[in-house]
Every structure is written in C-alpha cells, then in structure tokens.
Amino acid sequence: MNDVTTYHRLGHNNVQLLGQADVFDNPVDPGQLAKFLADDGHELVFATSGKTIIGFASGSILLHPDKAPAFFVNEVDVSPAYQRQGVATALCRMLIGVARDRGCQGIWLATEEDNVAARALFGGLDARETGEIVVYDWDGAMDA
C-alpha cells in the first residue's frame, strides 16, 4: 500500500487494466465491457495503486425529452485495504465532475438506509439526503 494512488476515467486507452480487477461483484465480462465502452451514456472512473485497481465508481446519463440530462451514480466500491483513505471521495468527485462536464444538471443515487459508510461518504460530499424512497424492481434487479 505504499504505491501512489492514481485516478483514471475509463476509455479505450486503459480498458485493458480492468481485466484483472477484483473490485467488481463479478469478473469483468469482455462482451459487457465492450458494450459499456461503446455506449456514450456510461461512465466509469477507477483508482489504481501500482498496477492494482483499488476502487471504482460508475454511472449513467439519463436523457429526457423535456429536461436537461441527469446522471445516476450506479455503484461505488473500494477494496477493503484502501477504505477510509479518501479513495471513494476522490472517485465520487471525479465522477460528478465528469457528469457535470457532460452537461448533467441533476446527479442522484440511492443507498440502503442502514449503509452507514455510504451515507457518511455522500453526506461528506454535500449531497442532500431526501428521505424515504420506495423502490420497485423486476426480475430480481435489487437482489444482492
């Protein structure tokens, strides 16, 4: 953990770095990764220490015919050995900056009420907590 942490925006020039990443829920699927890169509405930023990916944040641009683009933060994760060192904060700031640079005027996400770490992270980024929300899903989308 003595290596310098560097931050990257996913692109064709650095996509090969994701192949060995273990911060995702599952191994990276090359087909899904190619689709992700091909769709201009998706963004992913990641942090490395040396050659190891230690965290990432991803999101999607939401378009509406009557509103400015909005941005949904899909996921934020940092390897346990690097948590509570500012990595998630830096990744979120970078992702929010990318969203704003892309013209998004609303940025939002949802987390579980008992996710103390996530709520502290987002509160520390001056996000407004809006209170209760009801989530509906199809096909097990909210399953762990």
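Leaving aside its neighbours within four places in sequence, with which residues is histidine 8 in contact? In this predicted model, in which residues are numbered from 1 along each chain as its sequence is written, local features need pLDDT of at least 70 and side-chain atom pairs count only at pLDDT 80 or more, whereas totals for chains, interfaces and linings use all residues. Side-chain values rest on heavy atoms, with hydrogens and water left out. Under these conditions, histidine 8 is in contact with Asn14, Leu44, Val45, Phe46, Thr48 and Met94 once its neighbours within four places in sequence are set aside, contact meaning heavy atoms within 4.5 Å. Histidine 8 is found in strand β1, where helices (H or I, at least four residues) and strands (E, at least two) are DSSP runs numbered from the N terminus. At 21% relative accessibility, histidine 8 counts as partly exposed; buried means under 20% relative accessible area, exposed over 50% and partly exposed in between, with a 1.4 Å probe and protein chains only. The C-alpha atoms of histidine 8 and leucine 91 are 9.0 Å apart in space, although the two residues are 83 residues apart in sequence.

Beyond its neighbours within four places in sequence, phenylalanine 71 is in contact with Glu43, Gly59, Ser60, Ile61, Leu95, Ala99, Cys104, Gly106, Ile107 and Trp108. Phenylalanine 72, in strand β4, is partly exposed, with a relative accessible area of 24%. With neighbours within four places again left aside, phenylalanine 72 is in contact with Ser58, Gly59, Ser60, Leu62, Trp108, Leu109 and Ala110, and its C-alpha atom is separated by 9.2 Å from that of alanine 99, which lies 27 residues apart along the chain.

The end C-alpha atoms of α2 are 21 Å apart, in agreement with the 21 Å that its 15 residues should span at 1.5 Å a residue, the expected span being 1.5 Å times one less than the number of residues. In α2, Val87, Ala88, Leu91, Cys92, Leu95, Val98 and Ala99 are buried. These residues lie on the same side of α2, because they cover an arc of only 125 degrees around the axis, the arc being that of the directions from the helix axis to the C-beta atoms. On the other side of α2, Arg93, Arg100 and Asp101 are exposed. The buried residues of α2 pack against β1 (5-9), β2, β3, β4, β5 (106-108) and α3. Glycine 103, which follows α2, has a positive phi near 95 degrees.

In α3, the buried residues are Ala118, Leu121 and Phe122. They cover an arc of only 90 degrees around the axis and therefore lie on the same side of α3, while the face turned away from that buried side carries the exposed residues Val116 and Ala120. What covers the buried residues of α3 includes β4 and α2.

Most residues other than glycine have a negative phi. Just after α3, however, aspartate 126 takes a positive phi of about 65 degrees, and this residue counts as exposed at 72% relative accessibility. Aspartate 139, likewise found in the segment after α3, has a positive phi near 60 degrees and is exposed, with a relative accessible area of 86%.

About 480 Å³ of space lies in the second largest pocket. On a 1 Å grid over the protein atoms alone, a pocket is an open set of points where a 1.4 Å probe fits, with protein on both sides within 12 Å along at least five of seven lines, and lining residues have an atom within 4 Å of a point. Grid points are joined across faces, edges and corners, and the volume is the space filled by probe spheres set on the points. Of the 17 residues that line this pocket, Phe24, Gln32, Phe36, Leu44 and Glu75 are the closest to its centre. At least two lining residues come from each of α1 (30-38), β3 and β4, and α1 supplies the largest share, 4 residues.
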